[in-house]
Amino acid sequence: MSSRSQRVNTGINSLVRRLLVKIPGEEPAAVEERESSAVDFVREILESSDSPAVVADVNQASDLIKKRLLQTNPSPEKALRFTNLYSRLLSIPVITQKWAVLYFLYQLSDHQQRTPPILTSPFKSPIKRRRNIEDVIPGSPNYGAKRNDDIPAEAFAPEGLKKLPEREGGQRDRKEEEQAFAKSAATQREGVALKTALLAENYVEIDPPETALLRDLPFTLQGLSSSHLPFSSELTLKLPSTLPVPIISILHTLAEPSLLYRGLASFIQSPGGGLLGQSLRAAIGGELRSYLGLVATLEGQIRRALASLDEREPRGGIGKAGVTLKRCVVWTREATMGLRLMSLISEESKSKKGGQLISLIHGFSSSHGDPMVGAFAERLLVHVTRPFYDMLRQWIYDGELSDPYHEFFVSEQDPNAINDTPDARNRGGASSVWEDKYKLNEDMVPTIITQDFAQKVFLIGKSLNFIRYGCGDSQWVEEYSKAASKELRYGDTATLETWIDEAYKTTMARLIHLMSEKFHLFEHLKALKNYILLGQGDFIALLMESLSSNLDRPAGAQYRHTLTAQLEHAIRGSNAQYDSPEVLRRLDARMLQLSHGDIGWDCFTLEYKIDAPVDVVVTEWGNRQYLKVFNFLWRIKRVEFALASTWRKCMTGSRGVLQGEDENVTKAWKLTRGVLAEMIHFIGQLQYYILFEVIESSWDELQTAIHKEGCTLDDLIKAHTKYLNAITHKGLLGAKKKHHGEVDENTFMVQLGEILRLMLSYRDAVDGLYSWSVSDFTKRQGADVRNDVQNRRDDDDVLINTPATTRRGPRHLPDSTPALGIDDSIVDEFPVLQERLQALGAHFKSRVCLLLGDLAYQPDVDMRFLGVVMNFNDVYQPVRKKSSRPAGREQGRSSARA
Amino acid sequence: MPGDESKQDKQASAAQARQVIDVFQEISTLLNADLDRQTLSICISLIENGVNPEALATVVRELRKDAEETKRDLQSGGQ
């Protein structure tokens, strides 16, 4: 180091020696003294500024030089040469501080060109010129101090820099360029210098003088009235009318920041609407403070300049002072931009709040073309978003909405208002804590976060809130919020995102865990499928068997205690007894609302009670769907049960009581059995389809959906809704036919209901036929006992012709006169029964054909499959139109099939 | 021989230094900086040793002005 400073010292010495002029005849001692004082001075200056004022950049220095050369020379020749030299220089490795040397040379050339305009001005008197020189070249020792005054922008720059960072970089460059431009222009065209000088000479004094205006300017910039520039009202600045137009226009430019400042100052005093509004005001207040700092430095400059003014100069010597109105315009230009932007924001913020406000400012920072505006808005955003991030933090870590001014993009819903929304009406007025307590307000989502992200945030908070209030696990929430809570702020979007993702995962996992472990959601779903969707076959069979005699009675005669007793019996008697009591205790049997003429079958229903947190998934709507499906399945089951018992009766009967010789009766029975088998086939296929193709496959989908990794409660709810929809739709409960105008008549539900009713009446008719056959049989038995072989031969005759039998019958039954009436009725009944059976069977077939016709054109594959299964051997001819032909034509074929 | 090598190195670097100064001098003439070769090399060495170029420029300017003044004084004194 010492060698270095030594080298510097010797360098300084030799430099001084080279540049000092020898005064002939001076004493050696004096020479020595002069030399040493010069050396001291040089060292002082060099030491006082040890850090370079410009950025150490080779390219910048070379650019400056190139620019200078281009400006001073009309031809680009010199600049070209410089470029060559410069590239050569770069290739030489010896020197490390190339830029510094270049910059040094640049500065020196600077000096060379600064002097000419003053010196060559022909209009200056020698005295004036001399004074100029004295002005420019003051005593050496205090020159350094003076120099600082000469370049006020430099002293001013660091202050301004700190306040308004957009000016960074630009400031110094621009200053250099301005100087360069002014000076080169002056040298290049001496005419301009001449004009300047002329102007300076023939300067018209203005009233008030520029110095006075300058003195008032700082006050004006702060929005205060001054003697020359009073504010006449809130938003008007009165300019003195005596001023010439150019000065007026300059003052106009200067008035802009003043007026903007006044407007903004009153804006930040106004009461803010909401936390974000307040923080916006605070942020703007901060910016205004730095603006005032700028004004203060400006004022300092003006004071100093005015103090050093030479009154004898033209224009009060203001041209030399370095501070003029024009310069003030330049210095306040960028601040004006900032003020303009802020007043724009403050104007627009009046109609906006919360997230929209952030979106507004973020719009400036992200999509405005001017990088300065962008940076400025970005800076504002940091302050403005603070309350927003506070709310966000509370929401995602505590699940609490602390939003007194409704600025957050999540809002709490008024429970009374919920029922009025169309969405709620779709679900039949069922309100749920999960769905309706909070609402995501899309308009309020600020653009700094994406919609996806907002959705996530919304879910996190909602889940936490739900865990706390719905699941009663506030302890976990508190622990979690203590452990995970972090300070969120604008800027580091990536970290924020990871934090939120983390929070999202934790909360969702916790919620699912609670749902499955504490509230047994999955068990409940399984139980619903087993009991309500008739998955547990043995239980249902037993229940139906034990209830059947009871349910045949009218609905009014059903009593809850019998039902529950039978339910209990069915549970005890089947595998259901091994199910957990948690599930079984929720199972209940009850009657639906009675309507006149209903019998027990129509009203009976099983119910599975779902309580608080789980009803988020199995909603009231879901319950109703389950009920619907249950009732439908129960009806099918009941028809199946009835048909099966009748079939059994027929089968056992055909071995005994139904054996008769009458061909007519045998044929009738044969046809009946055919139709009955058809019906059983139909029911069997329908049941198979619903239980296996519909319920089981949907159940499988539900299982995969809810056991997926990272499944959220929303996913669960969605999957469950989809499951129910699939069941009701494919299970022919909800699908509407689109081909016809009338809606009600054409649903599969209605069609199936009709078919099932037909089956029941058919079965009644079959029962009637059976009892007729039985009574006929007993009658014949009785006749057999009483009459001899001859009589039996008569009977054979009779069987060929039934009316004959009836006519003869009573004659051969001597003992019972009352039996006469019965006999008559029996004889009369058979054709009626036969006719009725035929009509019902035909009706049934036509109905089935219609149904198949509809099924064949369903978009859903499974439903088409049902049609194919039912009609696997093309017995039925599917009919598309509602107006079907009489089904008599098919009679032969269907009986052949049976 | 290491001595020879170092000598050669020195010679090479000296040649390079001369080249640098040549280049800089040409630039200075382009810019009208009005520096003779010796002053320039002194300044370059100063800057190489960490002196602030801006300050150095001021110093040079100052010294020149001083010199001019003394010259003028001398002339006026001589008349």
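Visitor: Beyond its neighbours within four places in sequence, which residues is Lys529(A) in contact with?

Guide: Leaving those neighbours aside, Lys529(A) is in contact with Leu534(A), Gly535(A), Ile695(A), Glu696(A), Trp699(A) and Tyr723(A), where contact means heavy atoms within 4.5 Å. This is a predicted model, in which local features need pLDDT of at least 70 and side-chain atom pairs count only at pLDDT 80 or more, while totals for chains, interfaces and linings use all residues. Residues are numbered from 1 along each chain as its sequence is written, chains are lettered from A and ligands numbered from 1 in the order in which they are written, and side-chain values use heavy atoms, with hydrogens and water left out.

Visitor: Why is Lys529(A) called buried?

Guide: Buried means under 20% relative accessible area, exposed means over 50% and partly exposed lies in between, with a 1.4 Å probe and protein chains only; Lys529(A) has 6%, and therefore counts as buried. Lys529(A) belongs to helix α26 (residues 521-532) of chain A, helices being DSSP runs of H or I with at least four residues and strands runs of E with at least two, numbered from the N terminus.

Visitor: How do you know whether Ala79(A) is buried or exposed?

Guide: The relative accessibility of Ala79(A) is 6%, so Ala79(A) counts as buried. Ala79(A) lies in helix α4 (residues 77-91) of chain A and, its neighbours within four places in sequence left aside, is in contact with Lys66(A), Leu69(A) and Leu70(A). The C-alpha atoms of Ala79(A) and Lys67(A), which are twelve residues apart along the chain, are separated by 8.1 Å.

Visitor: What makes Trp601(A) and Trp634(A) a tilted pair?

Guide: Rings of Phe, Tyr and Trp (for Trp, the six-membered ring) pair if their centres lie within 6.5 Å, and planes under 30 degrees apart count as stacked, over 60 as edge-to-face and the rest as tilted. The ring centres of Trp601(A) and Trp634(A) are 6.0 Å apart and their planes stand at 40 degrees, so the pair is tilted. This pair links distant parts of the chain, with Trp601(A) in helix α30 (residues 600-603) of chain A and Trp634(A) in helix α31 of chain A, 33 residues apart. Trp601(A), at 6% relative accessibility, counts as buried, and Trp634(A) is buried with a relative accessible area of 1%.

Visitor: What makes the pair of Phe630(A) and Trp634(A) stacked?

Guide: Phe630(A) and Trp634(A) have 20 degrees between their planes, at 5.6 Å centre to centre, and form a stacked aromatic pair. These two residues are four apart in helix α31 of chain A, and are therefore separated by about one helical turn. By the ring-pair rule the count comes to 18 aromatic pairs over all chains, and elsewhere Phe388(A), Tyr389(A), Trp395(A), Phe408(A), Phe409(A) and Tyr438(A) form one aromatic cluster.

Visitor: Why are α31(A) and α34(A) called roughly parallel?

Guide: Axes are lines fitted to C-alpha atoms, for helices over the stretch in contact, and angles run from 0 to 180 degrees between N-to-C directions. Angles under 35 degrees count as roughly parallel, over 145 as roughly antiparallel, 65 to 115 as roughly perpendicular and the rest as oblique. The axes of α31 (residues 620-655) and α34 (residues 748-786) of chain A come within 10 Å and cross at roughly 25 degrees, and α31(A) and α34(A) are therefore roughly parallel to each other. Their contact has 13 nonpolar, four polar and five charged residues, where Ala, Val, Leu, Ile, Met, Phe, Trp, Tyr, Cys and Pro count as nonpolar, Asp, Glu, Lys and Arg as charged, and the others, Gly among them, as polar.

Visitor: And what makes α32(A) roughly antiparallel to α38(A)?

Guide: The axes of helix α32 (residues 663-706) and helix α38 (residues 861-870) of chain A come within 10 Å and cross at roughly 155 degrees, which makes α32(A) roughly antiparallel to α38(A). The residues of this contact divide into nine nonpolar, two polar and two charged.

Visitor: How many helices and strands does each chain have?

Guide: Chain A has 39 helices and six strands, whereas chain B has three helices and zero strands. Of the 898 residues of chain A, 47% count as buried, and of the 79 residues of chain B, 44% do.
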